[in-house]
Amino acid sequence: MQEVPAMNWNALYDRLRAAAPSLELRREEPMSRHTSFQVGGPVPLMALPKNEEEVQLVLSVAALEFGVKPFFMGRGTNLLVSDAGAGLLVVKAYDGLNRLELLPQGEWPGQQTILAGSGVSLARLASFALEHGLTGLEFAQGIPGSVGGGVYMNAGAYGGELSQVVSSVASVSLPAEKAVREYANPKFSYRHSQFQEQDDFILRACFSLKPGDPAEIKAKMEDFARRRREKQPLEYPSAGSFFKRPAPVDGAPVYAGALIERCGLKGLTVGGAQVSEKHAGFIVNRGGATCGDIVKLMAQVRERVFRATGVTLEPEVRWLGMEGEEWNF
């Protein structure tokens, strides 16, 4: 990701402010305010567009006039940011781009489509589906992310993934093409989408769902919520499951949390970061944790699990830091 020389941040800010007076811009914004881990240093400039027109304007000005490649984010629930911050323009979708509507009956009999902006929370999307008696998104009700971020990483839980219900995605690409691209049946795999290889800002997505019994849909959501409360450390800041699910061994599924627990690492602590005592697949901020604490703890967990089992755990969270900084595996 390309950094802008410090002397140019004021010029970029002034240009964006002149081009879109209503656009929300923040200078030297601490990323700890925007990540579920509640850690991370400042970025020189953050834009929080409220609609698709503001998104296109930000990308056009940044890319074409200043040569800047922005970093796109949603709710920051799968993001770990360096204590030093990052020298980047961050474009955040959450709280804006909140269009949410049920589309007219389409060509597929027995299915209906919900259109959701990238800033809509997955919890709100799932509740909206329940309100309209549509099934298929029950698993998403407890995922603390946004539609844009969820599509980007193919978020999932309890056997469900967004890839199962996403029928199309609209995005704009760098360097800020005027035309919005529409992807019918985009490509997904486990915790991955084609957008991870593209310089696209996801604007909205369509979800094809089937009619269901509202009482059954609600009961399923309540069951998932109960299981989350019982098994996950929701009382502490975290990024959810920290590691991806490893590849099966001899055809049998392997789970990161189970491997970590088997290695006796529950409760392992570095500074304010801890392997959750409730669910070993979570790294939590017990209070005052730094990004450095989390990275050091992650490295210890990976090294000890590999030494004991031969399995290399891969982080599910995304990393954002200054140019030259690395995860320090």
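Helices (H or I, at least four residues) and strands (E, at least two) are DSSP runs, numbered from the N terminus. This is a predicted model, where local features need pLDDT of at least 70, side-chain atom pairs count only at pLDDT 80 or more, and totals for chains, interfaces and linings use all residues. Residues are numbered from 1 along each chain as its sequence is written, and side-chain values use heavy atoms, with hydrogens and water left out.

**Whole chain**

Start zoomed out on the protein chain, which has 7 helices and 20 strands. Along the principal axes, its C-alpha atoms fill a box of roughly 55 × 55 × 35 Å.

**The largest nonpolar core**

Next, select Leu122, Leu125, Leu137, Val147, Val151, Leu162 and Phe207, which touch the most other members of the 31-residue largest nonpolar core. Such a core is a set of buried Ala, Val, Leu, Ile, Met, Phe, Trp, Tyr and Cys residues joined through side-chain atoms within 4.5 Å. Elements giving two or more residues to this core include strand S7 (112-117), helix H4 (147-153) and helix H5 (214-231). Which element gives the largest share of this core? That is H3, with 5 residues.

Centre on Val147. Not counting residues up to four places away in sequence, Val147 touches Ala116, Gly117, Ser118, Val120, Leu122, Leu125, Ala205 and Phe207; contact here means heavy atoms within 4.5 Å.

Go to Ser168 in strand S11. Is Ser168 buried or exposed? Its relative accessible area is 18%, so Ser168 is buried. Leaving aside neighbours within four places in sequence, Ser168 is in contact with Tyr183, Ala184, Asn185, Pro186, Ala205 and Cys206.

Then pick Glu182, in strand S12 (residues 181-184). Glu182 is exposed because its relative accessible area is 52%. Beyond neighbours within four places in sequence, Glu182 is in contact with Val169, Ala170 and Arg204.

For a last stop, draw a C-alpha to C-alpha distance from Glu182 to Arg27: these two are 155 residues apart in sequence and 33 Å apart in space.

Key. Buried < 20%, exposed > 50% of the residue type's maximum accessible area, 1.4 Å probe, protein only.
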